[in-house]
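Me: I would like to go through this structure feature by feature. Please give the general idea each time, then the case at hand.

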Amino acid sequence: MKKPVYLFHEGHLDDKALLGNKGANLCEMTRLGLPVPPGFVITTKACVEFFKRGSRFPENLQEEYLKALRYVETQTGQEFCNPARPLLLSVRSGASVSMPGMMDTVLNLGMNDAIVEGMIRQTHNSRFVYDTYRRFIQMFAEVVLGKDRHAYERILSDYKQTHRYESDLELDAQDLKSIVEKFKNVAEVPSDPHTQLRMAIEAVFSSWYTLRAVRYREYNDIPNDLGTAVNVQAMVFGNFGRSSGTGVAFTRNPATGEHVFYGEYLEQAEGEDVVSGVRTPKSLDQLSEQMPEMYTQLYEIQQKLERHYHDMQDLEFTIQEGKLYILQTRTGKRTAKAAVRIAIEMVREGLITEKDALLRVDAEQMNYFLHPMIDPEAPQTVIAQGLPASPGVAQGKVVFSADEAEDLAAQGEKVVLVRHETTPEDIHGMKAAQGILTKLGGMTSHAAVVARGMGKCCVAGCDELIIDYDQERVRTRQHVIKKMDLITVDGSSGKVMLGKVATIEAHADQDFQTLLHWADRYRHLHIRANAETPEDAQKACDLGAEGIGLCRTEHMFFAAERIDTMRSMILSETQKERQMYLGRLFEFQKADMQDLFKVMTGHPVTIRLLDPPLHEFLPQNKTDIQALANRLGRGYDKVKQRIEALFEVNPMLGFRGCRIALVYPEITRMQTKAVITAALEAQEEGAQVYPEIMVPLVATARELRFIRQEIETTANRVFEEYKASVAYRIGTMMEVPRACLRADTLAPLAEFMSFGTNDLTQMTFGFSRDDVGKFLPAYLEHETLKNDPFVILDQRGVGELIRLAIGKSRPINPNMEYGICGEHGGNARSIRFCHHVGFHYVSCSPYRVPVARIAAAQASIETMKKQLHPKG
């Protein structure tokens with residue numbers, strides 16, 4: 001195996017895959033000459049090898065890390081296991097992709113009773129030593145031995161209550177010594193420091209596969225085979241005394257993006273106290289008042305780090321008796337609003353380019369700018385005020401456990417997760433909840449950091465909440481909120497409100513508009529929207545859509561005043577009767593199309609012919625069938641008999657799409673007449689119209705040839721009637737695998753091919769999208785599939801069919817235009833695929849248009865970068 005251990009001065013920033021994100025950054029800061037406690041990194045490759053060997057160390061690993069440990073001893077002047085000048089260690093995880101709080105850490109490793117006595121003689125600070133010892137015992141027992149942390153918290157809480165202490169800082173050395181003895185009775189921690197070290201490294205490796213870490217990787221699309229590095233570092237102590245402390249800082253505000261040095265710290269504390277949220281920290285402004293020299297030094301370091309990394313940094317620091325140490329830096333997690341503002345301002349500051357700025361934002365996070373916020377004019381009953389940890393609005397029913405949040409969300413309930421503080425074990429509930437509310441913790445607590453990364457609303461540090469898990473209720477000064485009561489949480493203001501509060505559309509954000517303008521400059525893909533109503537079309541235009549890529553004409557018939565006409569047409573017994581009802585539907589359809597053409601003037605509008613099975617328009621239960629028969633003036637038995645005749649065992653593979661057009665060509669003629677007539681009349685009123693008629697569910701060239709002839713014949717009749725014409729195009733929706741395999745035969749008959757990836761995915765996998773929920777979770781859990789193929793396009797299967805179709809059709813028809821109109825058209829990863837295979841456009845829901853614009857630009861920029869640096 002390649003060298004398994006690297007000292008901090010041996011590693012490089014470019015080695016993140018090997019050293020992990022944290023380890024590579026520690027190495028980089030060491031090379032920059034920053035005050036980093038010495039240490040070494042055990043590589044991710046060693047972790048992968050550990051699992052390959054059945055959770056046993058690689059052969060030379062122990063020998064190598066002991067050699068590195070001796071170097072750390074020479075650097076610090078301290079010695080591991082030596083009570084006279086003891087060296088304590090921190091053992092931390094560090095994957096190549098930042099996974100905050102998801103894996104394990106052990107601090108103060110190397111302590112036992114003899115070391116404790118030696119430290120007391122050396123420091124003359126017995127309170128600090130016993131405080132450090134009780135922290136070590138608890139952390140080692142939790143992380144390495146798997147003991148429940150609540151047992152330790154209960155001992156501490158009971159002791160403070162018995163002695164009427166309000167905070168941990170009131171505990172003196174004798175108190176802490178007594179607590180240590182009680183802690184020892186919970187679990188037996190090995191006294192040999194070398195045994196402790198080996199077990200801690202094994203535990204950190206093993207934490208790669210904890211449930212919370214696996215879930216985090218699932219939520220964030222991180223591969224499972226990367227492994228974690230282990231960072232072993234000399235301890236420094238923020239809990240040493242009054243001139244010591246620890247904190248977390250950001251080079252810019254991670255919630256708003258404002259260019260201010262931002263963060264929190266705690267006196268006489270270790271790093272876990274800040275990020276865990278067990279104590280509410282102070283702002284850095286207070287540090288500047290209490291320790292101005294430390295603040296100045298920290299400020300200069302954060303400036304240096306941001307200039308070096310060209311990105312907003314999240315750093316952890318410790319002050320031990322007036323000496324500053326930097327324990328970590330990483331690219332800071334940020335809200336969508338902050339991400340955009342930081343990217344824009346860094347371009348203006350000359351730190352990055354426009355292309356860099358576009359790659360810095362998460363396209364999926366841009367939904368933040370498109371969703372409602374609290375209406376300032378709406379009545380509000382504010383029941384509590386906390387810290388605005390992650391912006392947005394969450395409205396839902398109160399739950400008190402992560403499991404319950406996940407279960408209820410799966411049933412369709414909107415919930416708000418309320419906790420004292422969150423821990424990594426709550427990750428699944430945080431994901432499922434609309435928002436998170438915590439009593440403890442600050443802006444850098446676990447709840448805040450994870451919520452911001454997820455784009456979830458969060459209010460933290462809401463001290464006035466009195467949460468009773470047993471009674472499943474929370475009390476404020478004037479209110480009692482029970483489980484399943486409805487509340488509103490505003491992560492932008494920190495307010496917690498009773499009931500559901502009115503919201504308004506998100507405000508236009510100038511920075512976001514600037515980013516979208518840059519995206520349009522660099523993207524090659526056109527962005528269209530799926531829309532049937534003028535309102536949706538206008539919203540799509542407002543959000544930057546360049547046309548309609550899918551108008552589902554059947555949606556125009558579901559309105560109350562139209563559905564019975566549609567049903568009468570379906571139930572018609574003669575062609576003459578059917579033509580009468582088609583005449584009425586023509587008027588509806590023409591009016592709707594005309595409105596669409598006017599809204600989308602200058603842009604293409606792709607109209608799909610009738611697609612769903614006819615039975616979907618008809619009632620199924622006896623009461624509704626009787627009501628329909630009464631309204632239509634027909635006998636119940638006749639109506640029921642006709643409905644039964646249309647029944648299908650597998651309707652998604654049945655009488656739908658182009659098959660309807662072949663059996664009832666008069667429906668296609670009506671729809672074509674409506675489209676062409678509407679286009680001519682809209683054109684006469686001054687609109688620039690570009691109609692496109694799309695034939696769904698085609699499998700053979702003969703199907704398409706037959707329907708194309710019907711469309712062309714009908715269009716020509718309309719042109720003759722109006723003594724005018726309009727340019728239009730005919731294309732096919734590629735939804736059937738056979739169509740992809742025989743795309744060369746379809747190419748002469750179509751001007752465009754739009755891939756309907758919802759159905760194409762169903763038919764390629766043989767999965768019913770309506771029933772897949774019964775077994776897909778097991779597929780994802782066992783990694784039989786890495787992603788839900790209905791959310792992220794299956795590039796190896798469905799994608800291969802798409803590549804094949806393009807490869808076969810393009811030589812036959814070089815002017816063919818390709819697009820996508822399935823749900824995947826709004827998914828950032830799927831859009832990258834569309835760019836790479838040479839699509840002309842993607843089409844998505846109106847509110848996904850900005851996401852698609854940015855994702856398309858990112859795909860173009862990534863391609864340009866690869867062409868410039870093919871090996872990078």
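Me: How many salt bridges does a search of the whole structure find?
Reply: Side chains of opposite charge can pair when their charged atoms come close. In this predicted model, searching the whole structure gives 58 salt bridges.

Me: Which residue meets Glu681 in a salt bridge?
Reply: The side chain of Lys590 does, with an N to O distance of 3.4 Å. This pair links distant parts of the chain, 91 residues apart: Glu681 belongs to helix H25 (residues 665-684) and Lys590 to helix H21 (residues 575-599).

Me: Are Glu681 and Lys590 buried or exposed?
Reply: The cut-off for buried is under 20% relative accessible area. Glu681 has 17%, so it is buried. Lys590 has 15%, so it is buried too.

Me: Where are the partners Lys598 and Glu685?
Reply: Lys598 is in helix H21, while Glu685 is in the loop between H25 and strand S27 (690-695); they are 87 residues apart and again link distant parts of the chain. Their side chains form a salt bridge at 2.8 Å, N to O. Lys598 is partly exposed because its relative accessibility is 34%, and Glu685 is exposed because its value is 52%.

Me: How many residues apart are Glu712 and Arg708 in helix H26?
Reply: They are 4 residues apart in helix H26 (residues 701-722), so about one helical turn separates them. Glu712 is partly exposed at 28% relative accessibility, whereas Arg708 is buried at 14%. Elsewhere, salt bridges with shared partners join Asp131, Arg134, Arg135, Lys160 and Asp168 into one network.

Me: How many aromatic pairs are there?
Reply: A pair of aromatic rings is described by the distance of the centres and the angle of the planes. The count here is 23 aromatic pairs. One of them, Phe57 with Tyr65, is edge-to-face, with 6.3 Å between centres and 90 degrees between planes. Phe57 and Tyr65 are both buried. Another pair, Phe765 with Phe767, is stacked, at 5.0 Å centre to centre and 25 degrees between the planes. Phe765 is partly exposed at 25% relative accessible area, and Phe767 is buried at 11%.

Me: Which residues form one aromatic cluster?
Reply: Phe50, Phe51, Phe57, Tyr65, Phe205 and Tyr209 do.

Me: Which charged residues lie over ring faces?
Reply: Arg217 lies over the face of Trp208, 3.8 Å from the ring centre. Lys673 lies over the face of Phe586, at 4.8 Å from the ring centre.

Me: Which residue has a positive phi of about 55 degrees although it is not a glycine?
Reply: Most residues other than glycine have a negative phi, and most peptide bonds are trans. His310 has a positive phi of about 55 degrees. The loop between helix H12 (292-309) and strand S9 (313-320) holds His310, which is partly exposed at 33% relative accessible area. Glu472 also has a positive phi, near 55 degrees, and lies in the loop between strand S18 (466-468) and strand S19 (473-475). Glu472 is partly exposed, because its relative accessibility is 31%.

Me: What is Ile548 in contact with, beyond its neighbours within four places in sequence?
Reply: Its contacts include Arg528, Leu596, Met600 and Thr606. Ile548 and Thr606 are 58 residues apart in sequence and 5.8 Å apart in space, C-alpha to C-alpha. Ile548 is in strand S25 (residues 548-552) and is buried, with a relative accessible area of 1%.

Conventions
Residues numbered from 1 in each chain as written. Predicted model: local features only at pLDDT ≥ 70, side-chain atom pairs only at ≥ 80, totals over all residues. Heavy atoms only, no water. Phe/Tyr/Trp six-rings, centres within 6.5 Å; stacked < 30°, edge-to-face > 60°. Buried < 20%, exposed > 50% of the residue type's maximum accessible area, 1.4 Å probe, protein only. Lys NZ or Arg CZ within 6 Å of the ring centre and 35° of its normal. Helix = DSSP H or I, 4+ residues; strand = E, 2+ residues; numbered from the N terminus. Contact = heavy atoms within 4.5 Å. Salt bridge = Lys/Arg side-chain N within 4 Å of Asp/Glu carboxyl O.
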